[in-house]
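I am opening a notebook on a structure that is new to me. The entries below record what I looked up, one topic at a time.

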Amino acid sequence: MAAESWHAARLIPTSDVGGVEERQRRSVSALLAVLAAVPEFGAAFSEVLGAPCGRVESFVDVPFRVGEAVFVPGGLIRITRGACRWTALVEVKTGADVIPADRLGTCLSLAREQGFDAVLTVSNEVPAVPAPPLSTVDEARRLQISWSQLLCKAVAVRAAVNAERAWILGELIGYLEHPNSGTVAFDDMGEAWEPARAALAAGTLRAEDNAATEVAARFDELLRFASLRLGVEATPALSRKESVDPLLRTRTLAERLAEDGSLAGAIRIPGSAALLHVKADLRADRLACYVDMDVPREGRPTTRVNWVERQIRNAPSSVRVEQQRELRAFRISQDFAMGTGRAGFVGSVLSAVTAFYADVVQNLRKRAAPVPRMRSGEAVAGAL
């Protein structure tokens with residue numbers, strides 16, 4: 001048999017993954033084991049959840065008596081720092097599966113009964129707005145994180161640890177990125193996509209239609225997923241009102257979709273020169289990414305133009321630079337082919353965001369204003 005058909009030995013194997021239950025057990029065991037094995041990853045994980053930073057212990061197959069039955073959650077995490085101990089039950093889902101409400105309710109009741117601090121759910125659900133660690137009274141012990149967010153944390157931490165721990169994280173990253181794992185999956189726009197596009201083409205789509213609101217919400221989730229995939233601490237750019245009221249953002253998107261057939265949003269990347277905007281015109285089948293970049297006020301117009309052009313000299317020829325506001329700002333944009341169908345659209349947006357960030361955004365730098373010149377000694381003395 002040819003060696004090309006052999007499977008490389010992996011710490012977390014991706015071959016011969018059986019049914020859904022086995023896939024979920026393998027995923028939670030891999031995640032919890034690496035959290036305990038790589039302290040830096042455990043610390044980053046704790047920070048996301050608002051948990052104390054300390055020694056991480058993780059367990060699977062922990063049985064609890066609930067009434068007359070034995071209940072076994074997906075796993076359990078215990079973090080110890082001095083005399084402080086933080087404990088959470090863990091439930092995971094892979095693929096498009098969601099945690100049943102009755103099972104989640106049992107976990108929450110059990111956590112309160114046992115004096116545990118939280119119930120952590122891990123799935124492919126990518127909320128458009130990152131939820132705060134604590135929300136309503138009824139859900140006060142529930143924390144939520146996506147596989148995508150965990151993958152991004154693992155990638156970031158791997159660059160800052162020693163070789164042995166980096167190898168362990170690399171094994172987890174390889175597993176999470178493999179299709180057999182069922183994690184890191186955002187592959188279509190949902191069942192409302194086709195009805196919404198048909199109504200848009202017929203001129204009958206209204207902002208209050210379920211199809212419009214579902215597509216709007218799904219697009220925001222897609223932007224969140226695209227942000228996570230960049231491997232940097234990127235997040236959707238939202239106003240303060242939208243951050244506390246995701247429904248406001250959804251309504252605004254739905255209204256724009258019904259009015260002009262477009263979906264638009266932006267991604268905020270710390271340290272970048274400007275927001276990365278994404279706009280999909282569904283009527284024209286046109287997808288574009290762009291940044292609006294302020295330029296220095298000083299200097300001749302040609303100097304300002306050259307300053308921008310030097311930063312994108314290696315960008316694809318399809319990247320355009322447009323003058324705005326009397327040469328006070330430039331819009332740097334690029335058009336991309338828009339994929340068709342529920343899955344094709346998602347793939348085209350993810351590819352566009354990744355390419356535009358790599359080719360343009362990460363190469364742009366803000367220009368600092370010149371430092372004011374100190375007055376000469378004579379001028380200072382004369383002013384005294």
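**Entry 1: S262 and its strand**

I began with S262, which is found in strand β9 (residues 262–268), where helices (H or I, at least four residues) and strands (E, at least two) are DSSP runs, numbered from the N terminus. I note here that this is a predicted model, in which local features need pLDDT of at least 70 and side-chain atom pairs count only at pLDDT 80 or more, while totals for chains, interfaces and linings use all residues. Residues are numbered from 1 along each chain as its sequence is written, and side-chain values use heavy atoms, with hydrogens and water left out.

I looked up the exposure of S262 and found it buried, with a relative accessible area of 1%; buried means under 20% relative accessible area, exposed over 50%, and partly exposed in between (1.4 Å probe, protein chains only). The side chain of S262 makes a polar contact with the side chain of D260 at 2.7 Å, and another of 3.1 Å with the side chain of R256. I take a polar contact to be a pair of N or O atoms within 3.5 Å; within protein, one must be able to donate a hydrogen and the other to accept it, and residues adjacent in sequence count only if both atoms are side-chain atoms. Not counting residues up to four places away in sequence, S262 touches R256, L257, K279, A280 and D281, contact meaning heavy atoms within 4.5 Å.

**Entry 2: the sheet**

I then followed β9 into an open sheet of six strands, whose order is β8-β9-β10-β11-β13-β12 and whose pairing is antiparallel; two strands pair if DSSP finds at least two bridges between them. The edge strands are β8 (235–236) and β12 (320–324), each pairing on one side only. Between β12 and β13 (residues 329–337), which run antiparallel, I found five bridges, and the bridge partner of Q324 in β13 is A329.

**Entry 3: T183 in its loop**

Where does T183 lie? I found T183 in the loop between α5 (163–177) and α6 (193–202), and at 5% relative accessibility T183 counts as buried. The side chain of T183 reaches the backbone oxygen of L176 at 2.8 Å, and a polar contact of 2.9 Å joins the side chain of T183 to that of S181. Leaving aside neighbours within four places in sequence, I list S27, T94, N124, W147 and L176 as the contacts of T183.

**Entry 4: the cores**

I next looked up the nonpolar cores, each a set of buried Ala, Val, Leu, Ile, Met, Phe, Trp, Tyr and Cys residues joined through side-chain atoms within 4.5 Å. The largest has 94 residues, of which F41, L276 and F345 touch the most other members. Helix α7 (residues 210–229) gives the largest share of this core, nine residues. A second, separate core of 13 residues includes F64, L76, L89 and L110.

**Entry 5: cysteines and the whole chain**

How many disulfides does a search of the whole structure find? I found zero, a disulfide being a pair of cysteine sulfur atoms within 2.5 Å. C53 is partly exposed, with a relative accessible area of 39%, whereas C107 counts as buried at 0%.

For the chain, I recorded 12 helices and 13 strands, and noted that 45% of the 384 residues count as buried.
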